[in-house]
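Dear colleague,

Here is the structure I said I would pass on. My notes follow below it.

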Amino acid sequence: KKIILSGIQPTGVFTLGNYLGAVRSWKQMQEDYNCYYFIADLHSMTIHIDPQKRRQQTREAFALLLACGIDPEKSLVFVQSHNKCHAEMGWIMDCCSQFGELSRMTQFKDKSAKHPDNINAGLFTYPALMAGDILLYQADYVPVGADQTQHLEFTRDVATRFNHTYGEVFKLPEGYFPKAGARVMSLQDPTSKMSKSDTNPKATISILDDEKTILKKFKSAVTDSEACVRFDPEAKPGVSNLMTIYSAITGKTMEEIEAEFAGKGYGDFKAAVGQSVADELRPIRENFARLMEDRAYLEEEMRKGAERATYIANKTLTKVKKRVGLLLEK
Ligand code: TYM
């Protein structure tokens, strides 16, 4: 079976973008592949969060994954920092990464512009830690949103270089992007991506928003004055984003959606999109509430996940250490 690996940061409740761009594929893939999914708490340290809040968000993110249908009986689910191999491998990957290539990462440029008061070294070497995450498990496919493309390219570059220098160790992973939903945009500024850290709550749908909130946010989504439901991301970014969301959830093509709303106003269209999202997210919200009641269950699943993840990752890490000439302890 092919190996799937992906991670998500515990920096707040997942957005509809995280869900449609990544987590929904994770759920679908667990039927056919060997899937490893984790909460990237080490990556979240690149942004300052109150420690108590980080702990809480990590627990919630773990519960959210299960609530979204990631089944610990089918997939390996764990918290990144619970498997010490990630930090160790991260350092080795740091030493295989070049300053120049890390400097070209657009996410680093964006995030350092956004947080000029905290441009820490971790923010800069973030892609090396991520490369380590992926390579530790010899992943074949990495299901992510389009914003992670550059990090995946970087991972392949580092892996290729390592294999070349020290001999074949790593499999080269490929990105896996959903047909619709790989880039969900903000509802208020459809030229920028929907992001957990957006300060305008109307711009993002949280996967725990209730039906009323979801309908209201879609109602106030930014569109245009043409009053025609037509897919054209350049000229009509707002409408096209709503169509993308609707297509991702219903499986309808853009042509089918255009036909469905031909001659109707944006009011009907936005209400239909909002309703489809609300229906999709309702069970997740209910599952989440139930899971958060059962802390013992969550802790037990985290413990089991950490143990298995460590066992698997340690095999690659040991091989890597041997190859680079770190003396193994006897
Ligand atoms: P993170 O936590 O920012 O996002 C988690 C996943 O959600 C996707 N995503 C989106 N997809 C579509 N539209 C959007 N608006 C949108 N916003 C976010 C992201 O592409 C991602 O797939 N670096 C990763 C976490 C990570 C990781 C890894 C992923 C750490 N190590 C190893 C894969 C493999 C991140 O920050 O994701």
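Which residue just after H3 takes a positive phi? It is Gly69, with a phi of about 105 degrees. Please keep in mind that this is a predicted model.

Helix H3 itself covers residues 51-67. At 1.5 Å a residue, its 17 residues should span 24 Å, and the end C-alpha atoms are 24 Å apart, so the two figures agree. The buried residues of H3 include Gln57, Thr58 and Glu60, and the run from Ala61 through Phe62, Ala63, Leu64, Leu65 and Leu66 to Ala67 is buried as well.

Thr46 counts as buried because it has 22 C-beta neighbours inside 10 Å, where 20 or more are required. Apart from neighbours within four places in sequence, Thr46 is in contact with Asn120, Gly122, Leu123 and Tyr126. Val222 is 176 residues from Thr46 along the chain, and the C-alpha atoms of the two are separated by 32 Å.

Now the ligand. There are 24 residues around it, of which Gln9, Gly17, Gly21, Val144 and Gly145 come nearest. By class, this shell has 11 nonpolar, nine polar and four charged residues. Strand S1 (3-8), helix H1 (16-29) and helix H7 (121-136) each supply at least two residues of the shell.

Regards

Key. Residues are numbered from 1 along each chain as its sequence is written. This is a predicted model: local features need pLDDT of at least 70, side-chain atom pairs count only at pLDDT 80 or more; totals for chains, interfaces and linings use all residues. Helices (H or I, at least four residues) and strands (E, at least two) are DSSP runs, numbered from the N terminus. The expected span of a helix is 1.5 Å times one less than its number of residues. A residue is buried if 20 or more other C-beta atoms lie within 10 Å of its own, exposed if 12 or fewer, and partly exposed in between; C-beta atoms are placed from the backbone. A residue is near a molecule or strand if its C-beta atom, placed from the backbone, lies within 6 Å of it. Ala, Val, Leu, Ile, Met, Phe, Trp, Tyr, Cys and Pro count as nonpolar, Asp, Glu, Lys and Arg as charged, and the others, Gly among them, as polar. Two residues are in contact if their C-beta atoms, placed from the backbone, lie within 7 Å.
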